[in-house]
Amino acid sequence: MSDRPDTPLLDRVRTPADLKGFSDAELHQVADELRAETISAVSETGGHLGAGLGVVELTVALHAVCDAPRDKIIWDVSHQCYPHKILTGRRDRIRTLRQKDGLSGFTKRSESPYDPFGAAHSSTSISAALGFAVARDLGGACETGHGDAIAVIGDGAMSAGMAYEAMNNAGHLKKRLIVILNDNEMSIAPPVGALSSYLSRLYAEAPFQDLKAAAKGAVSFLPEPFREGAKRAKDLLKGMAVGGTLFEALGFSYLGPIDGHDLDSLLPVLRTVKARATGPILIHVLTKKGKGYRPAEERADRGHATAKFDVVSGTQVKAKSNAPSYTKIFGETLVDLAEADSRICAVTAAMPDGTGLNLMAERFPSRVFDVGIAEQHGVTFAAGLAAGGMRPFCAMYSTFLQRGYDQVVHDVAIQRLPVRFAIDRAGLVGADGATHAGSFDIGYMASLPGVVVMAAADEAELRHMVATAAAHDDGPIAFRYPRGEGVGVEMPEHGTPLEIGRGRVVREGGRVALLSFGTRLAEALTAAEALAARGIEATVADARFAKPLDRDLILRLAREHEALITLEEGAIGGFGSHVAQLLAEEGVFDTGLKFRSMVLPDSFIDQASPSDMYAVAGLNSAEIEAKVLATLGVAQVSRRA
Ligand SMILES: Cc1ncc(C[n+]2csc(CCOP(=O)(O)OP(=O)(O)O)c2C)c(N)n1
Ligand SMILES: CC(=O)[C@@H](O)[C@H](O)COP(=O)(O)O
Ligand SMILES: [Mg+2]
């Protein structure tokens with residue numbers, strides 16, 4: 001437990017309305033206390049730290065000036081929302097962040113009226129805010145009433161196409177809409193791309209006091225002290241190569257840049273915008289990720305996410321790992337293969353470290369592409385690379401690959417291009433909860449004609465699957481693996497390509513067959529041990545492939561056992577459905593086989609430890625054992641009795 005900071009003013013804030021009673025000078029102190037409280041809370045829970053610290057002043061200013069929940073403050077990604085949660089009636093639960101039955105690490109409509117829109121995937125805020133603005137003007141009924149729609153979006157999130165689709169639409173509709181671009185020159189990794197350079201150019205030539213307001217209208221929004229500087233800045237802008245901002249071209253008034261840590265700038269600008277804005281306006285604030293906490297500021301990712309830590313030293317309390325992470329095994333194996341095949345290249349959408357591609361980027365910098373938060377583009381870019389003779393690995397988290405699904409279908413699968421999808425964070429991920437669960441990729445990949453779909457049962461299997469993908473030139477191939485560390489199996493030095501569509505039997509039994517796809521294999525083996533103690537012998541097999549299925553193996557298991565149960569870390573419509581389809585087509589059900597398919601439940605599971613989440617999902621060894629007993633019609637008497 002960390003020492004709790006002294007927070008006399010913050011203690012008086014129950015809702016944002018309480019901020020209205022403070023003078024501007026007192027709000028400075030509220031911000032300091034809010035920062036200390038955020039650090040203290042995250043030191044106990046772990047979670048996203050740097051982004052929240054970077055918006056402490058902005059959060060105070062927004063809640064002091066706006067009228068939430070009538071005004072809809074929509075945080076993009078919302079990993080920066082902890083200070084917002086503290087100010088909006090959730091301080092008493094802030095130390096339950098990201099835990100089972102605790103506060104979500106993201107904004108969530110069901111959690112608070114102050115969270116008008118849920119998020120965790122990036123770049124949705126402007127679209128959602130525009131929706132609120134239009135609903136307001138059309139007289140839509142909203143429980144909390146209708147005020148301003150305010151999107152707060154980071155420079156990283158601004159790299160995604162969806163933000164521009166929204167601005168394009170907003171510029172056309174001309175509704176009153178406030179977008180705050182929180183520019184900290186950071187994504188999780190340093191941002192890359194032309195847009196990032198563009199944003200830097202926007203403020204490189206004028207310090208804060210020369211507040212730029214390129215739009216004529218925007219100058220008149222400004223409080224008196226800023227006007228002169230703004231006019232100067234406007235002249236300055238005229239001389240810039242860009243000739244006005246991109247945002248103006250999209251129909252927004254542009255205000256900025258503003259020092260996002262200076263309440264004396266933020267408060268008057270927000271008050272004036274609130275009083276005077278008519279159409280869409282973009283306020284460009286400059287902040288520092290991790291601001292005010294040296295250990296975060298000094299980290300390469302500016303303290304993006306952290307385990308629990310000691311506040312004084314910043315030292316993180318990390319559980320000792322017993323095996324390498326799947327991500328690391330993927331990254332290392334890819335480097336190994338890329339040494340031998342110069343056609344191998346890789347694509348990440350702003351997650352070089354998260355996907356393990358940092359290892360290949362160090363070794364072969366010219367063959368790794370960070371495309372920004374742009375999964376759709378990333379997939380089609382990979383398709384283009386493949387069509388052009390390269391052999392790209394497109395490494396994305398299962399949940400984020402959802403963004404690029406039409407591209408997977410239209411650009412990769414239909415053209416049978418050899419893109420290799422490395423699908424990380426497959427299955428339930430723990431503290432990030434439902435938004436980040438990799439639940440759907442088996443279904444959405446295996447339903448596509450001609451796409452090979454594999455799941456690794458352990459880290460050695462993953463190594464072989466990376467090699468299998470590298471050797472597969474005949475169309476798209478995907479392999480999925482979970483977040484976290486492997487099971488500690490002995491590792492082969494190099495991967496060996498697997499025969500496409502061949503599974504393996506791991507344990508021979510007689511009465512029931514457990515056919516696992518992915519890392520539930522270990523749970524299946526534990527369940528088989530427990531069943532053996534009851535006198536029920538179980539065969540355990542690792543399917544390896546959801547597509548193409550190992551028909552011979554599956555039909556043999558069906559023929560030779562009283563019951564066949566499939567297991568997977570995925571939603572309905574995945575591996576088990578494909579097996580059921582095969583069994584139905586082959587008339588196996590007519591023979592009286594007892595078939596069950598254990599999948600994730602048809603519900604979104606809130607954050608908890610992965611093991612607790614799998615217990616909720618009914619996919620741990622105890623539930624597998626119970627399922628076998630129920631299927632066989634064996635009474636479930638406690639083994640100890
Ligand atoms: C669609 C999608 N892809 C990837 C991510 C992973 N992700 C979470 S935060 C983040 C960086 C966001 O950068 P920025 O918007 O600048 O916010 P900052 O953390 O700098 O405040 C990324 C890539 C995501 N949440 N959503
Ligand atoms: C907010 C977000 O999307 C990422 O920061 C995500 O939480 C990273 O998850 P991992 O910790 O699994 O990389
Ligand atoms: Mg950023």
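A residue is taken to be near a molecule or strand if its C-beta atom, placed from the backbone, lies within 6 Å of it. By this criterion, the residues around ligand 2 are Val77, His79, Ala120, Ala305, Gly354, Arg425, Val429, Asp432 and Arg483. The structure is a predicted model, in which local features need pLDDT of at least 70 and side-chain atom pairs count only at pLDDT 80 or more, whereas totals for chains, interfaces and linings use all residues. Residues are numbered from 1 along each chain as its sequence is written, and chains are lettered from A and ligands numbered from 1 in the order in which they are written.

The shell around ligand 2 comprises four nonpolar, two polar and three charged residues; here Ala, Val, Leu, Ile, Met, Phe, Trp, Tyr, Cys and Pro count as nonpolar, Asp, Glu, Lys and Arg as charged, and the others, Gly among them, as polar. At least three residues of this shell come from each of domain 1 (67-79 + 100-306) and domain 2 (326-480), the domain bounds being taken from an automatic or database domain assignment. Ligand 1 is surrounded by 24 residues, of which Ala51, Ser122, Gly154, Gly156 and Ala157 are the closest. The shell of ligand 1 contains 11 nonpolar, nine polar and four charged residues. Domain 1 and domain 2 both contribute residues to the shell around ligand 1, so this ligand lies between them.

Helices (H or I, at least four residues) and strands (E, at least two) are DSSP runs, numbered from the N terminus, and two strands pair if DSSP finds at least two bridges between them. An open sheet is formed by five strands in the order S2-S3-S4-S6-S5, with parallel pairing. Strand S2 (72-75) and strand S5 (253-259) stand at the edges with a single partner strand each, so one side of each lacks a neighbour in the sheet. Direction ignored, neighbouring strands of this sheet are turned by 20° against each other on average; the axes are lines fitted to C-alpha atoms, for helices over the stretch in contact, and angles run from 0 to 180 degrees between N-to-C directions.

Within this sheet, S2 and S3 run parallel and are joined by four bridges, with Ile73 opposite Ile150 in S3. Five bridges join S3 to strand S4 (residues 177-183), again in parallel, and Ala151 stands opposite Val179 in S4. From S3 the chain passes through helix H6 (residues 161-173) to S4 in a right-handed β-α-β crossover; right-handed denotes that, with the strands pointing away from the viewer, the path from the first strand over the helix to the second runs clockwise. S5 and strand S6 (residues 280-286) pair in the parallel sense over five bridges, and Asp259 has Leu286 as its bridge partner in S6.

Six of the six residues of strand S3 (residues 149-154) are buried, so S3 is largely enclosed by the rest of the structure. Helix H3 (residues 56-65) is mostly covered, with 10 of its 10 residues buried. Strand S16 (residues 538-542) is likewise largely enclosed, because five of its five residues are buried. Ala538, Val540 and Asp542 point one way from S16, and Thr539 and Ala541 the other way.

Terms used. Buried ≥ 20, exposed ≤ 12 C-beta atoms within 10 Å, placed from the backbone.
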